[in-house]
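Here are my notes on the model you sent. Please read them with the structure open.

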Amino acid sequence: TTKYHDKEDELMRELDRQDEYLKSKDLFIANLSHEVRTPINIIVGMTYFLKDTLLDEKQLEYVNKLDDASNLLLEMVNGILDLSDNKMTSTLAAKSDFNLKKFIDGILEIFDEKFAAKDLKFYPNLDFDYNINIYADKTRLGQVFVNLLENAIKYTDKGFIELDARKIEETNVSYRLQFCV
């Protein structure tokens with residue numbers, strides 16, 4: 001029975017270590033959440049106020065890109081921190097209706113400067129009904145687009161990048177799309 005008690009003591013020590021680890025992780029996530037979200041929220045807020053000032057057309061274009069990018073970043077950070085904190089309910093309830101064309105245009109505007117900086121041509125081939133509203137997780141779809149485009153820019157030294165977004169199938173209740181970079 002000594003062997004049994006030794007094993008039991010060892011398991012209890014391991015449980016205590018795991019409990020301490022989880023407490024440390026929770027504290028780290030809480031601190032990180034505040035430290036990361038606060039500056040992003042300030043950027044989002046200041047961008048909102050900046051939009052109400054007298055801006056020329058080019059400045060307004062830059063502010064709109066900053067607004068789109070900062071809101072997307074905040075949504076991504078919130079999603080990552082929610083997943084890290086095991087708040088699956090908030091990530092599961094993120095679906096909404098939105099116009100696909102406007103959504104894609106907003107994402108692409110963020111990358112205009114990056115394409116120009118690397119002297120890359122960009123060809124969007126959008127073959128779907130521009131008036132279609134889709135019901136999807138906008139944040140996750142945005143993350144996919146951002147990751148695909150970031151990687152395409154990162155690994156393309158010269159030439160062009162093409163985005164294909166097309167309808168594959170349409171029924172009375174669904175609209176199946178394919179995206180390719």
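What volume does the largest pocket have?

1. **Basis.** This is a predicted model; local features need pLDDT of at least 70, side-chain atom pairs count only at pLDDT 80 or more, and totals for chains, interfaces and linings use all residues. Residues are numbered from 1 along each chain as its sequence is written, and side-chain values use heavy atoms, with hydrogens and water left out.

2. **Pocket volume.** The largest pocket has a volume of about 200 Å³. A pocket here is an open set of points on a 1 Å grid over the protein atoms alone, where a 1.4 Å probe fits, with protein on both sides within 12 Å along at least five of seven lines. Its volume is the space filled by probe spheres set on the points, which are joined across faces, edges and corners.

3. **Pocket lining.** Lining residues have an atom within 4 Å of a point. H4 gives the largest share, five residues. Helices (H or I, at least four residues) and strands (E, at least two) are DSSP runs, numbered from the N terminus. The lining includes Asp 68, Glu 75, Lys 102, Phe 103 and Lys 138. By class, four lining residues are nonpolar, three polar and four charged.

4. **Core.** The largest nonpolar core has 26 residues. Such a core joins buried Ala, Val, Leu, Ile, Met, Phe, Trp, Tyr and Cys residues through side-chain atoms within 4.5 Å; buried means under 20% relative accessible area, exposed over 50%, partly exposed in between (1.4 Å probe, protein chains only). Leu 100, Phe 103, Ile 104, Ile 107 and Phe 128 have the most contacts inside the core. H4 again leads, with seven residues.

5. **Aromatic pairs.** The whole structure holds eight aromatic pairs. Rings of Phe, Tyr and Trp (its six-membered ring) pair if their centres lie within 6.5 Å; planes under 30 degrees apart are stacked, over 60 edge-to-face, the rest tilted. Phe 111 and Phe 115 are tilted, because their planes are at 45°, with centres 6.4 Å apart. Both are buried.

6. **A link between elements.** Phe 145 and Phe 179 are edge-to-face, because their planes are at 75°; the centres are 5.0 Å apart. Phe 145 lies in H5 and Phe 179 in strand E5 (residues 175-180), so the pair ties together parts 34 residues apart in sequence. Phe 145 is buried at 3%, whereas Phe 179 is partly exposed at 30%.

Technical notes:
Ala, Val, Leu, Ile, Met, Phe, Trp, Tyr, Cys and Pro count as nonpolar, Asp, Glu, Lys and Arg as charged, and the others, Gly among them, as polar.
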